Amino acid sequence: MLYNTAPDKLFIPQTAVDPLGFGKVAIVTGCASGIGLAVTQVLLAHQFQVCGLDVAEFDYQLLREADHGRFHFHRGDLTAPGVCEEGVRIAAHAFGSRVDVLVNVAGMMDNFHSADGVSDDIWDKVVAINLTAPVKMMRSVLPFMKAKKDGVIVNVASTAGMSGAIAGIAYTSSKHGLIGATKNVAWRFRNDGIRCNAVLPGAVDSGVGKTIAAGRNNELWDSEAFAEIEPVHALQARPSESTGSITAHEVAKTIAFLVSDQARTINGVSLPVDKAWGVV
Ligand SMILES: NC(=O)c1ccc[n+]([C@@H]2O[C@H](COP(=O)([O-])OP(=O)(O)OC[C@H]3O[C@@H](n4cnc5c(N)ncnc54)[C@H](O)[C@@H]3O)[C@@H](O)[C@H]2O)c1
């Protein structure tokens with residue numbers, strides 16, 4: 001079982017060889033921490049060649065030394081002009097002009113502001129990384145996938161991509177938009193051998209989740225809006241409860257399933273990874 005609960009520790013899978021990713025190239029955005037790091041570790045364990053993109057520096061000590069040769073890191077702000085396109089070019093160049101898998105993970109939380117108070121700055125930043133960058137990444141990988149009539153895209157949305165009671169207006173709108181983009185790509189390229197799905201994590205014990213946990217008293221937050229949302233957050237499983245919280249690796253394992261041939265008929269879905277939170 002390729003499984004680990006803490007992506008900030010060295011990951012050593014228990015199985016020696018898994019052929020899922022042999023000869024295949026995957027691009028993972030937001031690879032330096034949290035869910036993106038876990039996806040990187042899991043795909044490397046499945047023998048993919050992985051190109052990771054992130055604005056933050058990458059700590060190679062978090063990968064098995066044996067995996068270093070199949071990993072290429074490119075640092076860049078995916079909201080800056082041309083950086084998504086450059087990242088895909090670099091990935092294709094690093095691993096033999098092919099891109100088989102794209103996992104759009106990079107993203108950020110907003111400050112819970114509602115439509116009556118959201119600033120231009122927060123709206124622009126959140127939409128740029130949570131929605132515009134994934135669309136630009138998809139636009140850049142599609143020529144490689146169409147040429148081979150084969151490819152898988154997974155977009156990391158959120159429970160907030162379906163619900164209006166989880167986050168502020170910027171985050172909520174960006175994740176709803178990402179689900180729309182996912183469906184549009186799935187339908188448009190379904191006859192090109194390309195699948196595009198979204199996962200909708202609930203509260204995960206990683207960067208965005210920690211921001212929420214740490215920021216309750218943040219003066220930049222809209223505390224009035226957060227008070228409306230907090231009771232809904234309280235319904236998500238918490239670490240103290242017997243089922244435990246959702247880990248970044250649990251999300252990564254679901255993504256690995258969607259990438260695999262076992263999911264070859266699954267296209268255009270928005271798959272909750274939330275221990276039933278989304279049914280509320
Ligand atoms: N943690 C949760 O509770 C949760 C729940 C649902 C959805 N999500 C989504 O999962 C994704 C990852 O969340 P996480 O909790 O692992 O967060 P995280 O903060 O641990 O990781 C996000 C990564 O994205 C990178 N990033 C941010 N802006 C970037 C930019 N402009 N260019 C390049 N890289 C950039 C960061 O440097 C970081 O490494 C996000 O899209 C988030 O919305 C998280």
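Two strands pair if DSSP finds at least two bridges between them. Strands themselves are DSSP runs of E, at least two residues long, and helices are runs of H or I, at least four long, both numbered from the N terminus. With that in hand, look at T29. T29 stands opposite L53 in β2.

Two notes on the model. This is a predicted model, in which local features need pLDDT of at least 70, side-chain atom pairs count only at pLDDT 80 or more, and totals for chains, interfaces and linings use all residues. Residues are numbered from 1 along each chain as its sequence is written.

Now the sheet. Strands of a sheet pair through backbone hydrogen bonds, either parallel or antiparallel. Here we have an open sheet of 7 strands, with parallel pairing. Read the order as β3-β2-β1-β4-β5-β6-β7. Why is one side of β3 and of β7 left without a neighbour in the sheet? Because β3 (71-75) and β7 (270-273) stand at the edges, each with a single partner strand. On average, neighbouring strands are turned by 15° against each other, direction ignored.

Next, the helices. Two packed helices are described by the angle between their axes and the distance between the axes. Axes are lines fitted to C-alpha atoms, for helices over the stretch in contact, and angles run from 0 to 180 degrees between N-to-C directions.

Start with α1 (34-45) and α7 (residues 248-259). Their angle is about 50°, and their axes lie 8 Å apart. That makes α1 oblique to α7. Under 35 degrees counts as roughly parallel, over 145 as roughly antiparallel, 65 to 115 as roughly perpendicular, and the rest as oblique. Who touches whom? Residues are in contact if their C-beta atoms, placed from the backbone, lie within 7 Å. On α1 the contact includes G34, I35 and L37, and on α7 it includes A248, H249 and V251. This contact divides into 11 nonpolar, 2 polar and 1 charged. Nonpolar means Ala, Val, Leu, Ile, Met, Phe, Trp, Tyr, Cys and Pro; charged means Asp, Glu, Lys and Arg; the others, Gly among them, are polar.

Move to α3 (residues 120-148). How does α3 pack against α4 (residues 169-188)? At an angle of about 15°, with the axes 9 Å apart. The two are therefore roughly parallel to each other. Among the contact residues are W123 of α3 and Y171 of α4. The count here is 13 nonpolar, 3 polar and 1 charged.

Last stop, the ligand. Which of the 27 residues around the ligand come nearest? They are G30, G34, G107, G207 and G209. A residue is near a molecule if its C-beta atom, placed from the backbone, lies within 6 Å of it. Helices α1 and α5 (207-214) each supply at least two residues of the shell. The shell holds 15 nonpolar, 10 polar and 2 charged residues. Note G34 again: G34 comes among the nearest to the ligand, and G34 also takes part in the contact with α7.

Methods: Contact = placed C-beta atoms within 7 Å.
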